[in-house]
Amino acid sequence: MNILLIGGAGSLINNLIIKLNKEGHRISLLTGDRYGKASYQHAFEKYNFPYESDSLKEIFESVQPELTIFMGAYDTNFNWTGEGVEREAVRFSGSLMNILMSYSRYTEGRFLYLSTQDVYGQYYAEDIGETEPAAPEGIPGMVWSQAEEMCENYRKSCNKDIIVLRLDHVYGIPESRRDVRDICSRMCLEALEKKKITVGENHTFSLLYVTDAVEFINRLAMCREHKSSIYNLSSMKEQTEAALADLICQAWGEPLELVSAGGAEERVILSDLLYESEFGNPFFCEVQDTVKKIITQMKRKSHLFLNGGEEDRPMGDRLRDKAAWLLKTLLPFVENVVLFIPFFMLHNRAVGSEFFANLDFYLLYVLLFAIVYGQHQATLSAVLSVAGYCFRQMYDRSAFEVMMDANTYVWIAQLFILGLVVGYMRDQITKLKLEKESEREFLDMQLVDIQDINSSNVRVKAALETQIVNQNDSVGKIYSITSALDQYSSEEVLFYAAEMLGKLLRSRDVAIYTVSNRAYARLFSSTSAKARQLGGSIQYTNMGEMYETLCQRKVFINRRMEEAYPLMANAIYDNDDMQMIIMVWGIPWERMTLGQANQLVVISALIQNAVLRANRYLAALEEQRYVAGTQTLKTEAFQTLVKAYLTARTRGLTECTLLAVAVEEKDHMAAAKLLAGKLRQSDYIGTLSDGGLYTLLANTNGKDAEYVINRFAELGYASRIVENG
């Protein structure tokens with residue numbers, strides 16, 4: 001399955017990657033960060049693009065995810081502390097909108113949005129169900145509540161499979177100070193820093209460990225059908241802050257001070273009854289064990305938690321930065337004032353000069369700053385020039401005469417008009433240049449994005465080609481190997497099917513049981529002694545979880561590694577009747593994945609086709625193979641069957657014993673009729689080319705054959721084991 005995970009690096013998303021990789025899925029990551037510096041677990045492909053990028057549609061088109069998981073409230077790209085909460089709220093809403101628009105337009109898969117218990121207020125006497133309306137307190141809770149509504153609106157309007165998952169107080173083992181986000185880690189960090197813990201006496205909640213949250217999410221993500229569009233994921237184990245503080249004190253190893261914070265009564269516990277009724281409740285980790293691991297981690301890496309790996313910047317550095325900014329801002333004004341002095345002197349010298357009388361130095365001064373700095377500095381230059389001009393005129397006239405002179409106003413108007421027009425033109429040209437530069441940078445980024453997406457598509461294409469052409473478990477290879485079953489005789493198909501299964505699944509221990517009735521199954525073929533450990537006959541209806549899984553036509557995976565069960569098993573059906581059970585041992589833990597299970601289903605289906613063809617062939621020839629009115633095989637059919645069994649025994653695929661019955665040829669039919677009553681459905685009786693009467697005991701060694709010999713003796717017929725067949 002192609003899966004797209006969206007979110008910043010953190011414990012939750014990394015555990016999701018580990019889980020989904022183990023299940024054999026192809027994981028792609030959208031990090032939300034252009035620079036991609038954060039550390040993730042290994043994924044098939046990683047896209048370092050912000051959520052606001054126009055390239056999201058190309059990413060969705062490229063990945064074509066069957067499942068998309070957005071970390072939502074647990075996305076570490078968003079900082080919900082400090083003064084920038086309002087800005088983050090706007091960015092989060094815009095990011096989710098862009099993600100949902102790209103998802104709804106370019107893919108048909110399922111979409112999961114991870115929310116939190118913070119969409120509810122402080123006190124609820126009863127556990128909170130999915131139907132309880134959200135009542136957030138604070139900006140983050142309000143944003144996450146609105147995000148839930150946005151997902152629901154998209155689900156209805158676009159008819160998409162969008163599910164909201166509310167995770168109740170998720171906690172994990174932090175790697176550094178930036179990972180301390182849950183109440184358990186915060187209390188441990190406070191103990192590390194201050195040797196004390198501030199406790200809210202009236203605070204009640206439930207904790208959900210991160211790996212358990214991943215198991216919850218995985219079950220819902222992989223289900224074929226679900227009844228609701230919103231689910232609560234919770235351990236529903238009531239925990240108080242005081243009790244959690246006691247656990248930390250007990251595990252700390254040295255005295256800690258407990259400080260009461262008082263406060264109003266708080267109780268928010270989500271109810272997961274709806275989820276449990278559909279998918280069950282996965283086993284969850286105990287809090288006390290996890291608290292010990294968190295404390296061990298923080299003590300061992302205390303340098304990463306006490307200072308976050310960085311020291312605060314010195315006051316001198318911050319002052320230097322501010323001084324540099326102030327100097328850069330004031331420099332044009334200082335430059336303007338300083339240059340005014342030489343232009344003032346030049347203007348004074350030019351007055352009355354024969355050569356420079358018609359040259360206006362003030363106008364040159366204003367145009368100079370208008371061209372270099374724009375309107376603002378041109379205005380300041382014009383004001384200084386007017387002041388200098390009036391000052392020079394008052395050498396010969398009074399201020400009143402200067403103010404009453406019309407030429408003064410004509411000159412001022414000329415100065416301001418030229419200065420402001422040139423400054424405005426300079427500002428516009430600069431603005432156009434910046435816009436062009438910004439557009440060029442944007443197009444360059446788009447080009448880089450397209451190149452990145454194209455290169456990733458090339459890598460994906462190459463990987464898929466390699467899988468199809470070269471991999472041992474490709475569909476082409478599986479079909480080419482299983483189609484070889486057609487070359488075997490009808491009696492040999494199931495023997496070599498077990499051998500072929502072992503080859504394809506890379507396991508030495510494979511067994512095939514044939515169902516004899518609705519309760520028992522007989523071992524037909526096996527590849528090792530370990531594969532025969534359950535015995536020649538099993539009551540499969542008493543095999544608990546394995547039987548229930550097979551009845552649902554699913555592959556059984558022994559995740560608990562129980563010795564009484566194989567590591568993987570699958571049933572082959574003919575219409576609604578279970579015909580065979582395939583059991584596999586000797587599979588490494590890392591290959592007990594959903595991908596391996598799907599592979600077993602494909603192989604089983606191909607084997608089933610070969611077996612059905614063989615059975616139909618034998619059924620069609622039944623009249624030719626058996627003596628009329630009896631269960632005795634004719635010589636040719638019996639010889640073929642014996643040869644198939646003995647060859648399979650030589651290759652270690654089954655156990656069998658051939659018994660020769662001492663009886664006259666004329667009494668063969670009467671003896672065969674009596675002896676058949678002492679045989680199992682899986683045993684055979686017939687004649688060989690030497691004219692003698694024989695019985696073939698399937699899955700029976702020499703020791704077990706003694707019981708059959710004794711039964712025959714009770715009927716008055718002596719028999720012996722034929723060693724070499």
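Predicted model: local features only at pLDDT ≥ 70, side-chain atom pairs only at ≥ 80, totals over all residues.
**Figure 1. Strand E22 and its two partner strands.** E22 and E24 pair in the antiparallel sense over six bridges, and within this pairing valine 661 stands opposite leucine 693 in E24. Toward E25, the bridge partner of valine 661 is serine 719, while leucine 659 has isoleucine 721 of E25 opposite to it. E22 and E25 likewise run antiparallel, and three bridges join them.

**Figure 2. The five-stranded sheet and helix H22.** The open sheet is made of five strands in the order E21-E23-E24-E22-E25, and its pairing is mixed. E21 and strand E25 (719-721) stand at the edges with a single partner strand each, so one side of each has no neighbour in the sheet. Helix H22 packs on this sheet through contacts with E21, E22, E23 and E24, and the direction of H22 makes about 25° with that of E24.

**Figure 3. The buried side of helix H22.** In H22, which spans residues 668-676, the buried residues are His668, Ala671, Ala672, Leu675 and Ala676. Because these residues cover an arc of only 130° around the axis, they lie on the same side of H22. In general terms, an α-helix has 3.6 residues a turn, so residues three or four places apart point the same way. The cover over the buried residues of H22 includes strand E21 (632-633), strand E22 (656-661), strand E23 (684-687) and strand E24 (693-698), together with helix H23 (702-714).

Figure 4. Six strands form an open sheet in the order E17-E16-E15-E20-E19-E18, with antiparallel pairing. Strand E17 (537-539) and strand E18 (556-557) stand at the edges, and each has a single partner strand, so one side of each is left without a neighbour in the sheet. Within the sheet, strand E19 (residues 568-574) and strand E20 (residues 577-585) pair in the antiparallel sense over seven bridges, and isoleucine 572 stands opposite methionine 580 in E20. Helix H17 (residues 493-505) packs on the sheet by touching strand E15 (509-515), strand E16 (520-526) and E20, with its direction at about 140° to that of E15. Helix H18 (residues 544-551) also packs on the sheet, where it touches E18, E19 and E20, and its direction makes about 40° with that of E19.

Figure 5. Residues up to four places away in sequence being left out, isoleucine 248 touches Cys184, Met187, Cys188, Ile197, Leu256, Val291 and Ile295. In soluble globular proteins, nonpolar side chains tend to be buried together.

Figure 6. Glutamate 148 is found in helix H4 (residues 139-158). Its relative accessible area is 7%, and therefore glutamate 148 counts as buried, the cut-off for this class being under 20%. With residues up to four places away in sequence not counted, glutamate 148 touches Tyr113, Ser115, Val119, Val164, Arg166 and Ile230.

Figure 7. Arginine 651 is found in the loop between helix H21 (635-650) and E22. With a relative accessible area of 43%, arginine 651 is partly exposed. Leaving aside neighbours within four places in sequence, arginine 651 is in contact with Tyr496 and Glu499. Arginine 651 and phenylalanine 495 are 156 residues apart in sequence, and their C-alpha atoms are 9.6 Å apart in space.

**Figure 8. The whole chain, for context.** The chain contains 23 helices and 25 strands, and 45% of its 725 residues count as buried. Among contacts between residues at least 6 apart in sequence, 69% join residues at least 24 apart. The chain exposes about 37900 Å², of which carbon and sulfur atoms supply 53%.

Terms used:
Residues numbered from 1 in each chain as written. Heavy atoms only, no water. Contact = heavy atoms within 4.5 Å. Buried < 20%, exposed > 50% of the residue type's maximum accessible area, 1.4 Å probe, protein only. Helix = DSSP H or I, 4+ residues; strand = E, 2+ residues; numbered from the N terminus. Arc of directions from axis to C-beta. Pairing = 2+ DSSP bridges. Axes fitted to C-alpha atoms, helices over the stretch in contact; angles between N-to-C directions. Areas by Shrake-Rupley, 256 points an atom, 1.4 Å probe, with all protein chains shown as cover.
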